[in-house]
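My entries follow in the order I made them.

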Amino acid sequence: MSISTKKFVMLLLSVSLGFSAFQAQAVLPVAVGGSQLPSLAPILDQATPAVVNISVAGTKVSQQQLPELFKYFFGQEGQPNNDTQERPFQGLGSGVVIDADKGYVITNFHVINDADEIVVTLKDGRTFDAEVLGSDRQTDIALLKIDADKLADLALADSDELRVGDFTIAIGNPFGLGQTVTSGIVSALGRSGLNIENLENFIQTDAAINSGNSGGALINLNGELIGINTAIIAPTGGNIGIGFAIPSNMVKNLAEQIIEYGEVRRGILGVTGGELNSELAKAFGADSQHGAFVNQVMPDSAADKAGIKPGDIIVAVNDKPVKSFAELRAKIGTMGAGKTIKIGAIRDGKATTFKVTLQQADQQMVNAKVMHPALEGASLSSTEKGAKTSGVRVNKVQRNSPAFANGLEDGDIIIGINKTRINNIADLRAILENNPRVLALNIQRGEHNLYRIIQ
């Protein structure tokens, strides 16, 4: 056989093998050895109906910087160098139904921030106007409510049980394309210091997350929610395999507080400190290289009352390991005030535990406009636990607002509506959800009790 003939035979064989390989791939069997090929489809059939698209619209106030020379032309020298403008905006995001019966939808705070209109679109194409029940800027969480039947929801997994290497599936609405699914693994746990949020304890995943995925679901292979997708590192503007999700346990704690109180009642421990390093561990007799080092305990704080001291190394909360001070801060900051927890610590090289009842941080105020138009202009909060009079405190009323016109004043405590006693914002919201035609507000003002009638 000549050299040219050999080349032709080799070429023909190469083409034949390539064609055979292509054919084998093209007609991939649906089963191997009598078993079905692995697929995520059955999990997604159950999970994807609980993930929704969210579209928002509103107006943002921005300050436009004026050129330096304009100050002299318009006599603005020495005056603030800006001009306030209102600009309309629209946005897209994602959300997750966590209670089908009550219509509760979790999303990110930054998805609905400043929005006047929020529309939720289900996988089956139905659309609903959404009401904001409460939100928390520091953790980037918001809880919405829609009035819909035949909803699907996702059960929340215990995110403290996650391990690096566990499989993940991200579901959301990237770039407004419609519902999209990607998969990956848990790349890291307890990520913080990213300056995305004030309280950070992120799950890091390489499942592709892009613009519009915010508020969407990160689930495990049981179809359970393990996190709410919230951010990516994107130096090129697109996904590079580094995405972050808020753990489901944090989401659960925050949602429960909003549902019960209409706000987040943030718990505080009352310590300051930093990350444990090898030098500190050696100096304080700790074998562990991970934990939160306490350098100061605030007087009369929850930590002080429980017996925690400077120099203690906190290594666990409710028997779950704590690897850093940032993780401790995030976990405590998303637990409700008044909750009693167990703190595991190392003191003088010995393990010890403390029973701590968390105190309440500064009150989180709710804009009354989201509950009733007649209350617009008032900022409200539930009264502190143990207060002499329980109810809804009117923290501040804007002049010339509907709330001001209806007779509300700073410091009022709303203790009842239409002869129904209320103890917190959740009670107030429950009554207003029924859209009563007349509101008879029973108000405690100093030592006096009075009614304000709003029609």
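**Entry 1: salt bridges**

I counted a salt bridge when a side-chain nitrogen of Lys or Arg is within 4 Å of a carboxyl oxygen of Asp or Glu. I worked on a predicted model: local features need pLDDT of at least 70, side-chain atom pairs count only at pLDDT 80 or more, and totals for chains, interfaces and linings use all residues. Residues are numbered from 1 along each chain as its sequence is written, and side-chain values use heavy atoms, with hydrogens and water left out.

Lys320 and Asp160 came up as a pair, with their side chains meeting in a salt bridge at 3.9 Å, N to O. The pair links distant parts of the chain: Lys320 sits in strand S20 and Asp160 in the loop between S9 and S10, 160 residues apart. Helices (H or I, at least four residues) and strands (E, at least two) are DSSP runs, numbered from the N terminus.

I then checked cover. I call a residue buried under 20% relative accessible area, exposed over 50% and partly exposed in between, using a 1.4 Å probe and protein chains only. Asp160 is partly exposed, at 33% relative accessible area. Salt bridges that share partners join Asp158, Asp160, Glu161, Lys320, Glu327 and Lys331 into one network.

Asp158 also meets Lys320 in a salt bridge, at 3.3 Å from N to O. That pair links distant parts too: Asp158 is in the loop between strand S9 (141-145) and S10, Lys320 in strand S20, 162 residues apart. Asp158 is partly exposed, with a relative accessible area of 32%. Lys320 counts as partly exposed because its relative accessibility is 22%.

**Entry 2: a buried pair**

How many salt bridges does a search of the whole structure find? The search finds 13.

One more pair I looked up is Arg266 with Asp136, whose side chains meet at 2.3 Å, N to O. Arg266 lies in the loop between H5 and strand S16 (267-268) and Asp136 in strand S8 (residues 131-136), so the pair ties together parts that are 130 residues apart in sequence. Arg266 is buried, with a relative accessible area of 6%. Asp136 is buried as well, at 1%.

**Entry 3: the second largest pocket**

I took a pocket from a 1 Å grid over the protein atoms alone: an open set of points where a 1.4 Å probe fits, with protein on both sides within 12 Å along at least five of seven lines. Lining residues have an atom within 4 Å of a point. Grid points are joined across faces, edges and corners, and the volume is the space filled by probe spheres set on the points.

The second largest pocket holds about 600 Å³ of space. Of its 24 lining residues, the closest to its centre are Ser159, Asp160, Asn249, Lys320 and Lys331.

Which element gives the largest share of the lining? H5 does, with 4 residues. At least two residues each come from strand S11 (180-191), strand S12 (202-205), helix H5 (248-261), strand S20 (320-321) and helix H8 (325-333).

By class, I read 9 nonpolar, 7 polar and 8 charged residues in the lining. Nonpolar here is Ala, Val, Leu, Ile, Met, Phe, Trp, Tyr, Cys and Pro; charged is Asp, Glu, Lys and Arg; polar is the others, Gly among them.

Glu327 and Lys331 are among the buried ones.

**Entry 4: backbone and contacts**

Asn318 has a positive phi of about 50° although it is not a glycine. Asn318 lies in the loop between strand S19 (313-317) and S20. It counts as partly exposed, at 35% relative accessibility.

Asp348 has a positive phi of about 55°, and it is not a glycine either. Asp348 lies in the loop between strand S21 (340-347) and strand S22 (350-357). Is Asp348 buried or exposed? Asp348 is exposed, with a relative accessible area of 69%.

In strand S22 I also looked up Phe354. Phe354 counts as buried, at 8% relative accessibility. Phe354 and Ile308 are 46 residues apart in sequence and 7.3 Å apart in space, C-alpha to C-alpha.

Leu225 is in strand S14 (residues 225-232). Leu225 is buried, with a relative accessible area of 0%. Leu225 and Leu154 are 71 residues apart in sequence, yet 6.1 Å apart in space, C-alpha to C-alpha.
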